[in-house]
Amino acid sequence: MHDPVRTVDRQVWRDGGQSCGRRAIPEETAIALTYNGGTYAVMMATPQNLRDFAVGFSLSEGIVQSPDDIRSLDIIGLDDGIELRMWLAPSRADRLNERRRHIAGPTGCGICGIESIAEAVRPAAIVAQGRGFSSQEVMTAMQSIPPLQTINVETRAVHAAAFWMPGRGTVALREDVGRHNALDKLAGALAQGGISTDQGMVLLTSRVSVEMVQKTAAMGRAAYETMGRL
């Protein structure tokens with residue numbers, strides 16, 4: 001399997017002079033996410049915590065409602081990348097097939113058209129009201145991230161997504177060259193660990209885009225729906 005960090009030769013030009021040496025960089029690998037034999041997406045990602053990535057991506061994309069909807073998950077190393085091969089429960093597979101039919105665009109266009117635009121700007125999931133946090137708690141939480149970023153300490157080149165809870169501190173943190181990937185990995189880790197998100201906060205080392213809000217809201221929605229079933 002691919003290592004998340006590798007060491008390469010580097011050249012630096014500074015103050016009119018050149019120096020050579022070695023430095024660590026994060027690996028970026030093609031990751032294919034397949035469901036029931038069909039490829040759904042191919043992402044460039046750091047090859048670490050890939051089970052978390054598969055589960056979190058599936059949840060944030062609405063492909064599954066729970067990790068239990070994934071009947072099997074195999075991580076397959078290929079010559080030019082990695083396949084996250086998943087088989088879904090029949091009801092989820094039927095829904096995925098219907099979704100694929102709706103977002104398939106014309107030949108040469110790929111995924112486009114009205115349905116895909118609506119998908120891109122879809123409203124964030126409705127989340128039950130949780131607890132609030134003071135500015136000091138937010139600062140304390142953010143300051144806990146850097147020492148826990150093992151890949152970033154080595155490379156200074158990856159994002160992190162973390163979950164922090166009062167009295168417990170940072171309970172989960174995932175890294176990736178892609179900020180969206182890091183957040184999906186975090187979602188997968190929390191879901192598989194049975195960690196409820198209603199009493200903590202998601203922390204990001206990157207800018208917050210609409211998609212990041214959608215993904216984070218999906219994490220809160222999953223916790224809310226789980227509580228509703230209890």
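**Close-up views of a predicted model**

**View 1. D176 sits in strand β8 (residues 169–176).** Strands (E, at least two residues) and helices (H or I, at least four) are DSSP runs, numbered from the N terminus. This is a predicted model, in which local features need pLDDT of at least 70, side-chain atom pairs count only at pLDDT 80 or more, and totals for chains, interfaces and linings use all residues. Residues are numbered from 1 along each chain as its sequence is written, and side-chain values use heavy atoms, with hydrogens and water left out. D176 has a relative accessible area of 0%, so D176 counts as buried (under 20% relative accessible area; exposed is over 50%, partly exposed in between; 1.4 Å probe, protein chains only).

**View 2. The side chain of D176 has polar partners.** The side chain reaches the backbone nitrogen of G178 at 2.8 Å. The side chains of D176 and N181 are joined by a polar contact of 3.1 Å. A polar contact is a pair of N or O atoms within 3.5 Å; within protein, one must be able to donate a hydrogen and the other to accept it, and residues adjacent in sequence count only if both atoms are side-chain atoms. Neighbours within four places in sequence aside, D176 is in contact (heavy atoms within 4.5 Å) with A45, T46, V158, H159, N181, A182 and K185.

**View 3. Helix α1 spans residues 50–60 and is mostly covered.** Of its 11 residues, 10 are buried. Among them are L50, F53, V55, F57 and L59. D52 and S58 are buried too. Just after α1, G62 takes a positive phi of about 75 degrees.

**View 4. The largest nonpolar core has 22 residues.** A nonpolar core is a set of buried Ala, Val, Leu, Ile, Met, Phe, Trp, Tyr and Cys residues joined through side-chain atoms within 4.5 Å. Y35 and L84 have the most contacts inside this core. At least two of its residues come from each of β3 (29–35), β4 (38–45), α1, β5 (70–78), β6 (81–88) and α2 (90–103). Helix α1 gives the most, with six residues. A second, separate core has 12 residues, including F163, A187, L190 and L204. In soluble globular proteins, nonpolar side chains tend to be buried together.

**View 5. The whole protein has eight helices and nine strands.** Buried residues make up 42% of its 230 residues. Of the contacts with a separation of 6 or more, 54% join residues 24 or more positions apart.
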